[in-house]
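Let's take a walk through a protein model together. Have a look at the chain first, and then we will visit its parts one by one.

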Amino acid sequence: MNKQPLAPATFSPDTMDTDHIMDAMDPVIRSAPRVWPALLTELVDVLTDHLETREKMAPDLAMTHAQDIVVVLSHHLGGRSVYLPRDDRLKRAIRDAAIYHAFTGDNHRELAMKSKLTTAQIYNIIKKQRALRQARTRDALTWS
């Protein structure tokens, strides 16, 4: 009799790690990620390549980490249409998030000089980033 691993009832990052999720996957999918749908396969390939080339990770380990990352992203973003910006918009979004995280409440000038922006732009970035996070928290509470 061919025993299949038990699939987890729910994904809960507090009680289950990605190893558990990956172990519960069909072994064919786990060992042959090309069986995954095209976008997931592409994500695994891109992440594996990044981990191998930029992080100097061994190919097998890079593949395992890439699959783990895709599982977490799929859990978090699964079922949604997701738009990922490119080029300048992506760089600007990453910059704005970094500015928000570096903001201490009294370092507007320092952040402006460091990022070559005006203090008014820093104030606007902080305001927009705060609103984004509050909306996300509000939405999460609504679904709780």
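A residue is called buried when its relative accessible area is under 20%, exposed when it is over 50%, and partly exposed in between (1.4 Å probe, protein chains only). With that in hand, look at Asp96, which is buried at a relative accessible area of 14%. Before we go on, note that this is a predicted model, in which local features need pLDDT of at least 70, side-chain atom pairs count only at pLDDT 80 or more, and totals for chains, interfaces and linings use all residues. Residues are numbered from 1 along each chain as its sequence is written, and side-chain values use heavy atoms, with hydrogens and water left out.

What does the side chain of Asp96 meet in a salt bridge? Its partner is Arg95, at 2.7 Å from N to O; a salt bridge here is a side-chain nitrogen of Lys or Arg within 4 Å of a carboxyl oxygen of Asp or Glu. Arg95 is partly exposed, with 29% relative accessibility. Side chains of opposite charge can pair when their charged atoms come close. Searching the whole structure turns up one salt bridge.

Now turn to the largest nonpolar core, where you will find eight residues: Ile99, Phe103, Leu111, Ala112, Leu117, Ile122, Ile125 and Ile126. Such a core is a set of buried Ala, Val, Leu, Ile, Met, Phe, Trp, Tyr and Cys residues joined through side-chain atoms within 4.5 Å. Two or more of these residues come from each of helix H6 (108-115) and helix H7 (119-143); helices (H or I, at least four residues) are DSSP runs, numbered from the N terminus. H7 gives the largest share, three residues. A second, separate core has five residues, among them Val44, Ala62, Ala66 and Val70.

Leaving aside neighbours within four places in sequence, Ile122 is in contact (heavy atoms within 4.5 Å) with Ile99, His108, Leu111, Ala112, Ser115 and Leu117. Tyr123, also a residue of helix H7, is partly exposed at 47% relative accessibility. The C-alpha atoms of Tyr123 and Ala112 are separated by 9.5 Å, and these residues are 11 apart along the chain.
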